[in-house]
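Subject: Handing over the structure

Hi,

Here is the structure I promised to pass on to you. Please open it alongside this email, and then read on for what turned up in it.

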Amino acid sequence: MNLLMITGLVLATSAPLPVQAPLSTPAQFRQIARHPSFNVVVQPPGTRHILLVGSIDANMAAMFQQAQAHDPQIDTVMIDSYGGNINSAMEIAALIRQRKLHLIVDGRCLSACANYLFPAALSKTVLPGSVVAIHGLSATYYDDGQLKSATESQAYDVFRSSSRTADREVFNRQLARQSEFYRQLGLRPEAHSTFSHYLAHRKALFGTDMIDAAQHAPGCPPAQMWALDQQQWQAMGVKGITAYWYPATSEQRQQLLRDLGMPADYFYYGAGADLEQLCRPSLATRIRNWFVSR
């Protein structure tokens with residue numbers, strides 16, 4: 001971790017940044033990199049808000065805790081994050097909830113950010129040109145010294161062997177912690193279950209629920225995440241949404257993808273019932289896959 005002083009800003013970052021001017025919003029960081037390989041925790045001078053930009057990991061969680069301890073007057077978090085480590089996200093979310101902080105999404109709040117930080121905040125604002133989106137639960141593990149990621153169904157397969165007992169126990173504790181987190185907030189996980197059903201259909205169709213651009217078929221776009229609107233969040237039990245921009249037209253959605261540097265079809269927009277109809281394999285495909293798997 002590097003600590004940099006940039007024109008009065010105390011910046012915690014995982015890598016040096018080629019910047020000269022003050023950075024006070026996530027949008028300004030996106031001018032450096034749309035998909036930053038760094039993560040930062042910074043409080044612009046003279047403000048009561050703190051910026052979280054980049055991947056959520058143990059470094060970000062530790063720096064966020066230190067910033068809160070240093071200045072208990074911080075009342076707002078501005079975020080642009082594509083997600084990250086689940087346990088680190090829940091650590092940040094617990095502090096957001098404890099301190100009754102407000103959350104402003106400026107850009108992306110995806111994956112672990114959407115699952116934990118967004119519902120934990122006392123109030124939530126989603127700025128124009130921003131998106132909040134979920135996907136199925138994933139797990140990380142080490143294999144031959146390399147950090148790998150697996151979907152929930154893959155994790156059950158990977159951790160089934162006796163050599164993966166420790167990984168399986170970590171994964172089960174993670175599931176239990178998430179369930180308790182949702183219970184405390186009064187959240188209903190139906191939307192996550194809906195996305196898991198969509199992934200199951202993809203697995204039946206392609207033999208895997210990992211998604212890339214090459215895995216598509218009529219009626220089965222390679223949607224990586226589900227961009228929820230305000231009513232869908234409220235149906236899950238999320239409270240405190242004060243302002244919520246949502247790309248309502250095709251033009252707005254295309255512009256959002258361009259601005260954030262995301263590929264086409266990355267987000268699914270729409271009702272959960274329609275999502276569950278995507279990628280359903282035909283009876284012939286299911287029979288063929290069954291024989292192949294024998």
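**The chain as a whole**

In the protein chain, 61% of the contacts with a separation of 6 or more are between residues 24 or more positions apart; contact means heavy atoms within 4.5 Å. Please keep in mind that this is a predicted model, where local features need pLDDT of at least 70 and side-chain atom pairs count only at pLDDT 80 or more, while totals for chains, interfaces and linings use all residues. Residues are numbered from 1 along each chain as its sequence is written, and side-chain values use heavy atoms, with hydrogens and water left out.

The protein chain has 11 helices and 13 strands. These are DSSP runs numbered from the N terminus: helices are H or I with at least four residues, strands are E with at least two. Of the 294 residues in the protein chain, 47% are buried. Buried means under 20% relative accessible area, exposed over 50%, and partly exposed in between, with a 1.4 Å probe and protein chains only.

**Salt bridges**

How many salt bridges does a search of the whole structure find? There are 6, a salt bridge being a side-chain nitrogen of Lys or Arg within 4 Å of a carboxyl oxygen of Asp or Glu. In general, side chains of opposite charge can pair when their charged atoms come close.

Asp106 and Arg30 form one of them, with their closest N and O atoms 3.1 Å apart. This pair links distant parts of the chain, since Asp106 is in strand β6 (residues 102-110) and Arg30 in helix α1 (residues 26-30), 76 residues apart. Both ends count as buried, Asp106 at 8% relative accessible area and Arg30 at 18%.

Another salt bridge joins Arg108 and Asp80, at 2.9 Å from N to O. Arg108 belongs to strand β6 and Asp80 to strand β5, so this pair ties together parts that are 28 residues apart in sequence. Both Arg108 and Asp80 are buried. A network of salt bridges links Arg30, Asp80, Asp106 and Arg108.

Asp75 and Arg48 also meet in a salt bridge, at 3.7 Å from N to O. Asp75 sits in the loop between α2 (58-70) and β5 (76-81), and Arg48 in the loop between β3 (40-43) and β4 (49-53), so the pair ties together parts 27 residues apart in sequence. Here Asp75 is partly exposed at 25% relative accessibility, and Arg48 is partly exposed at 45%.

**A buried charge without a partner**

Asp229 is in the loop between β11 (225-227) and α8 (230-235). Asp229 is buried yet has no salt bridge, and Arg253, the nearest side chain of opposite charge, is 7.7 Å away. For charges, Lys and Arg count as positive and Asp and Glu as negative; His and the chain ends are not counted.

What does the side chain of Asp229 reach? It reaches the backbone nitrogen of Gln231 at 3.2 Å. Beyond its neighbours within four places in sequence, Asp229 is in contact with Tyr244 and Tyr246.

**Aromatic rings**

Tyr246 turns up again in a cluster that ring pairs build with Tyr266, Phe267 and Tyr269. Rings of Phe, Tyr and Trp (its six-membered ring) pair if their centres lie within 6.5 Å; planes under 30 degrees apart count as stacked, over 60 as edge-to-face and the rest as tilted. Arg253 returns too: its charged end sits over the ring of Tyr269, 4.3 Å from the centre. That term asks for NZ of Lys or CZ of Arg within 6 Å of the ring centre and within 35 degrees of the ring normal.

**Two backbone angles to check**

Asp265 is not a glycine, yet has a positive phi of about 65°. Asp265 lies in the loop between α9 (250-260) and β13 (267-268) and is partly exposed at 43% relative accessibility.

Cys279, also not a glycine, has a positive phi of about 65°. Cys279 is in the loop between α10 (272-275) and α11 (283-293) and counts as buried at 2% relative accessibility.

Best wishes

Methods: Polar contact = N/O pair within 3.5 Å; in protein donor to acceptor, adjacent residues only side chain to side chain.
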